[in-house]
Amino acid sequence: MGGIVDFYEGVGHSQRKFCSIKSSNTHFEFGGRSTPDCTNDEAKSMTLFDIPMGTYIRLYDSYNYEIDDDWMELYVKRSVPYISVYDFEANSYNMFVENDDYWIRYHNGDNADALNGRVSYFDTQFWQLPSCF
């Protein structure tokens, strides 16, 4: 179950893709020994391909999944072939982004640039929100 998530070093996918993982990886640590292509935490944008409805993704600045640090969450409301996340930077204009296919919520903890260039951990869950959402 799941699709593919590609991480890029630049905002808007402007620099090299350095990591590609299956979204079904429930827990993924950047820089881990089992993932030689994902040796840094320089991610500033990502693309998601063939992500099923009900996919809930969280990206953390902290290896300990601390929510008092910078993190973001993305929920896929319906299965889509492609999602582009331009950057991981939250500001007063885009703390929450939503459309018919997904929503993204940014959480600034201790850093004005949020996750840009600091992603340490990726977590995926599959669940269904009630129909009132």
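**Note on ring pairs, salt bridges and backbone angles**

1. Tyrosine 60 and tryptophan 71 are both buried (under 20% relative accessible area; exposed is over 50% and partly exposed in between, with a 1.4 Å probe and protein chains only). The model is predicted: local features need pLDDT of at least 70 and side-chain atom pairs count only at pLDDT 80 or more, while totals for chains, interfaces and linings use all residues. Residues are numbered from 1 along each chain as its sequence is written, and side-chain values use heavy atoms, with hydrogens and water left out.

2. There are five aromatic pairs, a pair being rings of Phe, Tyr and Trp (its six-membered ring) with centres within 6.5 Å; planes under 30 degrees apart count as stacked, over 60 as edge-to-face and the rest as tilted. The ring centres of tyrosine 60 and tryptophan 71 are 5.9 Å apart and the planes are at 10°, so this pair is stacked. The two residues are eleven apart in the chain, with tyrosine 60 in strand 5 (residues 55-60) and tryptophan 71 in strand 6 (residues 71-76); strands are DSSP runs of E, at least two residues, numbered from the N terminus.

3. Tyr56, Tyr75, Phe96 and Trp103 form a cluster linked by ring pairs. Over the ring of tryptophan 103 sits the charged end of arginine 105, 5.4 Å from the ring centre (the rule asks for NZ of Lys or CZ of Arg within 6 Å of the centre and within 35 degrees of the ring normal).

4. The whole structure holds five salt bridges, defined as a side-chain nitrogen of Lys or Arg within 4 Å of a carboxyl oxygen of Asp or Glu. One of them joins arginine 16 to glutamate 9, with the closest N and O atoms 3.3 Å apart. Glutamate 9 is buried at 18% relative accessible area, whereas arginine 16 is partly exposed at 49%.

5. Glutamate 98 and lysine 77 form another salt bridge, at 2.9 Å from N to O. Glutamate 98 is in strand 8 (residues 96-98) and lysine 77 in the loop between strand 6 and strand 7 (80-85), so the bridge ties together parts 21 residues apart in sequence.

6. In the salt bridge of aspartate 101 with arginine 78, the closest N and O atoms are 2.5 Å apart. Aspartate 101 is partly exposed, at 22% relative accessible area, and arginine 78 is partly exposed at 43%.

7. Two non-glycine residues deserve a check of the backbone. Histidine 13 has a positive phi, near 60°, and lies in the loop between strand 1 (4-8) and strand 2 (17-22). Aspartate 50 has a positive phi of about 55°; this residue is in strand 4 (residues 45-51) and is exposed, at 53% relative accessibility.

Conventions
Helices (H or I, at least four residues) and strands (E, at least two) are DSSP runs, numbered from the N terminus.
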